[in-house]
Protein chains: 2
Amino acid sequence: MSIHENPSQLVPDPRSRAKGRISLVGAGPGAVDLMTVRAIRCLGVADVVFYDRLVDPEALAFVRPGVACVFVGKEVGDHSWPQDRINAAIVAAALQGKQVVRLKSGDPSIFGRASEEITAARAQGIEVDIIPGVTAASAAAATLCEPLTSRGVTDRVVLATATCRPGDVPSDLADIARPGTTLVFYMAMQQLAGLTRQLVMAGVDPDQPVTIAANVARPNARALRTRLARMACDCAEAGLANPAVIILHLAKRTENPLRSGSAAAQAPVAAGDWDAG
Amino acid sequence: MSIHENPSQLVPDPRSRAKGRISLVGAGPGAVDLMTVRAIRCLGVADVVFYDRLVDPEALAFVRPGVACVFVGKEVGDHSWPQDRINAAIVAAALQGKQVVRLKSGDPSIFGRASEEITAARAQGIEVDIIPGVTAASAAAATLCEPLTSRGVTDRVVLATATCRPGDVPSDLADIARPGTTLVFYMAMQQLAGLTRQLVMAGVDPDQPVTIAANVARPNARALRTRLARMACDCAEAGLANPAVIILHLAKRTENPLRSGSAAAQAPVAAGDWDAG
């Protein structure tokens, strides 16, 4: 295992030029100023960049002139570049001796399919590293000014997805839909009715406040506050779709279990109330 | 609810000067180049900064000359400044018309006690916002090059803590210690024996691989790979303490449930094997 002691390691070492290197870089949730300095520096030394649909095109301004930026167009339900093709492309570029940046929205370690790219790289003996980014849950919490944890109310955060590998059995939500938990669902906008049904079966009050934050940290950001039972129809009516996160603050049990939202959500929440960005 | 449409909102509006503003800013996990550009810009317009022990002192280089940087010294188990005092100090400064930055390590929305500061600010009618940061779990995953999710192996991430409000009943780990889950514990190094006991009682194999990442993204970063049953004694022997995160990849059930680690942890893990940063 390697520990990056020094960010300067990311500046290509001439000795490793022969084989190249792959950096999986988190572009953060959307706005280019939510990228880290290290991510920006890494873009500045890239020989080629492969980027997703959700990456802010402004981020590519940090790439040196003449460097190819390849759009791999991955998005939920529309993989114009299947994962295997992405794996093959980044590995081929690194084998040519290039410093390859695989630019992913959010944090590469969270629902970013980074493991598959790491496995492909290592199979060819290519060095790979990860530059972390701000994940959508953190960005949504910041935009809403509603922290993911509130001492005494919620003391754990579950980042879950409704989009699994085809054929996989989805996780049982009864385990995680517990008082004291903030649930954040990624890539779940196409499964809202099923998600609602599962959460209610898991014991969550149909009146539980829910916030849907779409296009977080982008100019077209929108947030919808509603109740669990109305979530699917309210989102459809408002035209909200991926990319979005769905946030439920399941408060620790009080006299009226699961009826209260988080401390940060003390303001009354009207069903279907929403704000455009 | 407000959506930040434009980062330029963070540059103080002259009209709001009368009352000041509080920004809860994520400094990221340690290395100053893992801060976001927005966080750095926010430091550059601050009139006063209140910062935690875990914030890299280099971050304060972005503050304008002459601006007071107040060390509030909060750390696990040693609150030199109790939370109430921090709340009172940031509110008092904002009431003087100052642009207050409350600089927190990691992401302010995750175990950052941001809710208490937001409540205190709003009680005085002070505007407050959050600049998100890279949380320790993401930084540890990046440093270890082991993503928090691996398609088909782990499809949810639980961020939990072993440090709750005094008197609070700790969460039941049996709910969350499930196949298909990556568990990340924050601020748990003083409860390792209890945590091990709870996880084993929840059905986790005592041989489950565990990684402890301490001082992530700092020059003194260290990682320890071991097995659950040996975690407490190995950490004691290696002298590992907070700040650290404890990571367990509980793979989806295969023929031998809970026996395998994540795809990213395929390499054999020797008990007590560890690397210094």
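How much area do chain B and chain A bury between them? I get about 6300 Å², 57% of it on carbon and sulfur atoms. Buried area here is the accessible area (1.4 Å probe) that two parts lose on being put together, summed over both.

**Ground rules**

I am working on a predicted model, where local features need pLDDT of at least 70 and side-chain atom pairs count only at pLDDT 80 or more, while totals for chains, interfaces and linings use all residues. Residues are numbered from 1 along each chain as its sequence is written, chains are lettered from A and ligands numbered from 1 in the order in which they are written, and side-chain values use heavy atoms, with hydrogens and water left out.

**Interface**

I looked up who takes part. Chain B gives 71 residues to the contact and chain A gives 71 residues, contact meaning heavy atoms within 4.5 Å. The rule finds 8 salt bridges across this interface; a salt bridge is a side-chain nitrogen of Lys or Arg within 4 Å of a carboxyl oxygen of Asp or Glu. I noted the one between Arg178(A) and Asp175(B), with the closest N and O atoms 3.4 Å apart.

**Helix α1 of chain A**

Helices (H or I, at least four residues) and strands (E, at least two) are DSSP runs, numbered from the N terminus. I use buried for under 20% relative accessible area, exposed for over 50%, and partly exposed for in between (1.4 Å probe, protein chains only). Helix α1(A), residues 37-44, is mostly covered, with 6 of its 8 residues buried. I list the buried ones as Val37(A), Arg38(A), Ala39(A), Ile40(A), Cys42(A) and Leu43(A). What lies over them? The cover includes β1, β2, β6 and β7 of chain A, and also α1 of chain B.

**Strand β6 of chain B**

I then went to β6(B), residues 99-104, where 6 of 6 residues are buried. On one side these are Gln99(B), Val101(B) and Leu103(B), and on the other Val100(B), Arg102(B) and Lys104(B). Which strands pair with β6(B) in the parallel sense? Two strands pair if DSSP finds at least two bridges between them. Strand β1(B), residues 21-26, is parallel to β6(B) over 6 bridges, and Val25(B) stands opposite Leu103(B). Strand β2(B), residues 48-51, is joined to β6(B) by 4 bridges, also parallel, and Phe50(B) stands opposite Arg102(B).

**Cores**

A nonpolar core is a set of buried Ala, Val, Leu, Ile, Met, Phe, Trp, Tyr and Cys residues joined through side-chain atoms within 4.5 Å. The largest has 54 residues, and Ile246(A) and Ile246(B) have the most contacts inside it. Apart from neighbours within four places in sequence, Ile246(A) touches residues including Leu183(A), Phe185(A), Met189(A), Leu192(A), Val210(A), Ile212(A) and Met231(A). A second, separate core has 42 residues, among them Leu159(A), Leu144(B), Leu148(B) and Val184(B).

I checked Thr211(B) in strand β10(B), residues 209-214. Thr211(B) is buried at 8% relative accessible area. Beyond four places in sequence, its contacts include Leu144(B), Glu146(B), Arg225(B) and Ile246(B).

**Cysteines**

How many disulfides are there over all chains? The count is 0, a disulfide being a pair of cysteine sulfur atoms within 2.5 Å.

**Backbone**

Most residues other than glycine have a negative phi, and most peptide bonds are trans. Cys145(A), in the loop between α4 and β8 of chain A, has a positive phi of about 55°. Asn215(B) has phi near 50° and sits in the loop between β10 and β11 of chain B; at 16% relative accessibility Asn215(B) counts as buried.

A cis peptide bond joins Asn242(A) and Pro243(A), with omega about -5°. Another joins Asn242(B) and Pro243(B), with omega about 0°. Pro243(A) is in the loop between α7 and β12 of chain A, and Pro243(B) is in the loop between α7 and β12 of chain B.
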